[in-house]
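Dear colleague,

I am passing on a structure that you have not worked with before, and below it I have set out what was found. Please read the notes alongside the sequence and the model.

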Amino acid sequence: MINGAPSRPIRGLLDGLRARPLRLLVRDDGMSTAEYAIGTIAAAAFAALLYTVVTGENVLTELTSLVEQALTTEF
């Protein structure tokens, strides 16, 4: 303590203790509306990308080949 003022570590601790009740009153659990919007846009973009890949000619050819091979395989 210098001239009656608490040292830096103690002052930081006191500031943290004063802020704690406020943090308990103002909790931010869950997502906000902006986070929901960004998540929805990201999900829609991923769905569009997945749809484009799955409906592409290469994937359709490979899936058809795989099904034909499975149907003609003898046990």
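How many residues does helix H3 have, and how far does helix H3 reach from its first C-alpha to its last? Helix H3, covering residues 57–72, has 16 residues and reaches 22 Å between those two atoms, which is close to the 22 Å expected at 1.5 Å a residue. This helix is also hardly covered, since the count of buried residues among its 16 residues is zero.

Please keep in mind that the model is predicted, and that the protein chain averages a pLDDT of 77, with 57% of the residues scoring at least 70. Among the elements, helix H2 (residues 33–54) has the highest mean pLDDT, at 92, whereas helix H1 (residues 8–25) has the lowest, at 63. Where pLDDT is low, the predicted coordinates should not be read in detail.

As for the overall make-up, the protein chain has three helices and zero strands, so that from the N terminus on the elements run α-α-α. Of the 75 residues in the protein chain, 0% count as buried, and the chain exposes about 7,200 Å², of which carbon and sulfur atoms supply 66%.

On that surface, Phe46, Leu49, Leu50, Val53 and Val54 make a nonpolar patch of about 480 Å². Phenylalanine 46 is found in helix H2, and it counts as exposed because its relative accessibility is 55%, where the cut-off for exposed is over 50%.

With best wishes

Methods. Residues numbered from 1 in each chain as written. Predicted model: local features only at pLDDT ≥ 70, side-chain atom pairs only at ≥ 80, totals over all residues. Heavy atoms only, no water. pLDDT = per-residue confidence, 0-100. Helix = DSSP H or I, 4+ residues; strand = E, 2+ residues; numbered from the N terminus. Buried < 20%, exposed > 50% of the residue type's maximum accessible area, 1.4 Å probe, protein only. Areas by Shrake-Rupley, 256 points an atom, 1.4 Å probe, with all protein chains shown as cover. Patch = residues over 30% accessible without salt bridge, like charges linked within 9 Å, V, L, I, M, F, W, Y side chains within 5 Å. Salt bridge = Lys/Arg side-chain N within 4 Å of Asp/Glu carboxyl O. Expected span 1.5 Å × (residues − 1).
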